[in-house]
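Me: Could you walk me through this structure? I'd like the overall picture before the details.

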Amino acid sequence: MSTLPLAEVKRQAFLKNLEDGFLAIDSSSYSNIACPRQAFLAYVLKLVPAGGRSPLVFGHMLHEVLEWMLKNGSVDKITPQQFNEKVKEVIAQEGHKLNECFDDRRNTETFSSLCSAYYFNVKASGERMKPITLNGELLVEKSFSLPLGEIDIINANGNHQTITVLWEGKMDLIGEDSHTGDLAVWDHKTTSMLGPKFLDDKMRGPQFNGYLWAGQQMTKSLDRPLNTVGINAICSKKTGVEFSIMKFKRPQPIIEEWRVSTLKVLENLMRAILPSVFSNTLPLGDFNHCCPKFGKCVFFQVCEAPEASRLNYLNEPSLYQVSNWSALGEEV
Ligand code: SF4
């Protein structure tokens, strides 16, 4: 496999990081790794399906509004008129991307009405999330890139090499719960279903264990326990919208176990995919994960194709594109 011209830039960037002794990963990339081949295509080469980005764009626009709201004193300080102006501003800047997706459920109209319903819901119930300030900085939409630990890889020369794993991401906020006073990492989650399964999924997943671990590193100087997650759930269903604050705690041994286990998983994964990354060939897939409960792996059609035509699929811009998304919130 020698011709993935656009994605080759990403492969070189990945190899340069390894040469410099680190591997950067975020919870979204980590939890989406279904098999070694998928890891190579999606995590190393950053290939994503073309089109169908409405959930991402919708979520991004909503985060912009909520970030502005929390940085400016929320409903205590922001009038409905000011809020509406902000929503209009975000639509003027980003709404065209949403409307280009032709998604009935996610367009500028549904965005505007969801934002309005959210504002008045918070106005009626009071703002639960009170972001804290650390070293003069309000911890809203806070990026992090922190050393999680070290792993041992076999490098391009066939030698063992110790590299540092950087755990990266961007937290919606670290702040107090105005009802209980406890410190929590908070996350705005747009969803179409709530309930116990929604929470179970979040508790065990890498996102919140990783956020708590990172939040603890960032707030060490405060000397306050940080083991609580708060989810600001924004549920949009066919029947209407529902807002809910959901909270859970993670015991410290579980957070540490998550850290150790994540390093081990990454070490094994790197041993499985690095020979293919160095030689720019597709690693073997693992057929157990091609059809998870919801939807298919985004590379299903590639793996179904005869080996000789797989590159043609991956090089077809109407099927796959190279993503410039960054967990740190920057286009790269
Ligand atoms: S379709 Fe299956 S084998 Fe192919 S990348 Fe996806 S999970 Fe792996």
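Reply: Please keep in mind that this is a predicted model. Of the 332 residues in the protein chain, 29% are buried.

Me: How many helices and strands are there?
Reply: The protein chain holds 12 helices and 11 strands. Its radius of gyration is 21 Å, close to the 20 Å that the globule rule gives for 332 residues, so the chain is as compact as a globular protein of that length. Along its principal axes, the C-alpha trace spans about 60 × 50 × 35 Å.

Me: Which residues have the most contacts inside the largest nonpolar core?
Reply: Those are Met61, Val65, Leu173 and Val185, within a core of 67 residues. Helix H4 (residues 54-71) supplies the largest share of this core, with eight residues.

Me: And what does Val185 touch?
Reply: Leaving aside residues up to four places away in sequence, Val185 touches Met171, Ile174, Tyr211, Leu212, Gly215 and Val229.

Me: Switching to H10, where does it bend?
Reply: The bend, of about 45 degrees, is at Ile273, and a proline, Pro275, follows within four residues. Helix H10 covers residues 252-279, and from its first C-alpha to its last it reaches 41 Å, close to the 40 Å expected at 1.5 Å a residue. Just after H10, Asn280 takes a positive phi of about 55 degrees.

Me: Which H10 residues are buried, and what covers them?
Reply: Trp258, Thr262, Leu266, Leu269, Met270, Ile273 and Leu274 are buried. The elements covering the buried residues of H10 include strands S1 (22-26), S6 (140-154) and S7 (160-177), together with helices H3 (36-44) and H9 (206-218).

Technical notes
Residues numbered from 1 in each chain as written. Predicted model: local features only at pLDDT ≥ 70, side-chain atom pairs only at ≥ 80, totals over all residues. Helix = DSSP H or I, 4+ residues; strand = E, 2+ residues; numbered from the N terminus. Rg over C-alpha atoms; globule rule 2.2 N^0.38 Å. Buried ≥ 20, exposed ≤ 12 C-beta atoms within 10 Å, placed from the backbone. Core = buried A, V, L, I, M, F, W, Y, C linked by C-beta atoms within 7 Å. Contact = placed C-beta atoms within 7 Å. Expected span 1.5 Å × (residues − 1). Bend = angle between axes of the 7 residues up to and from the residue.
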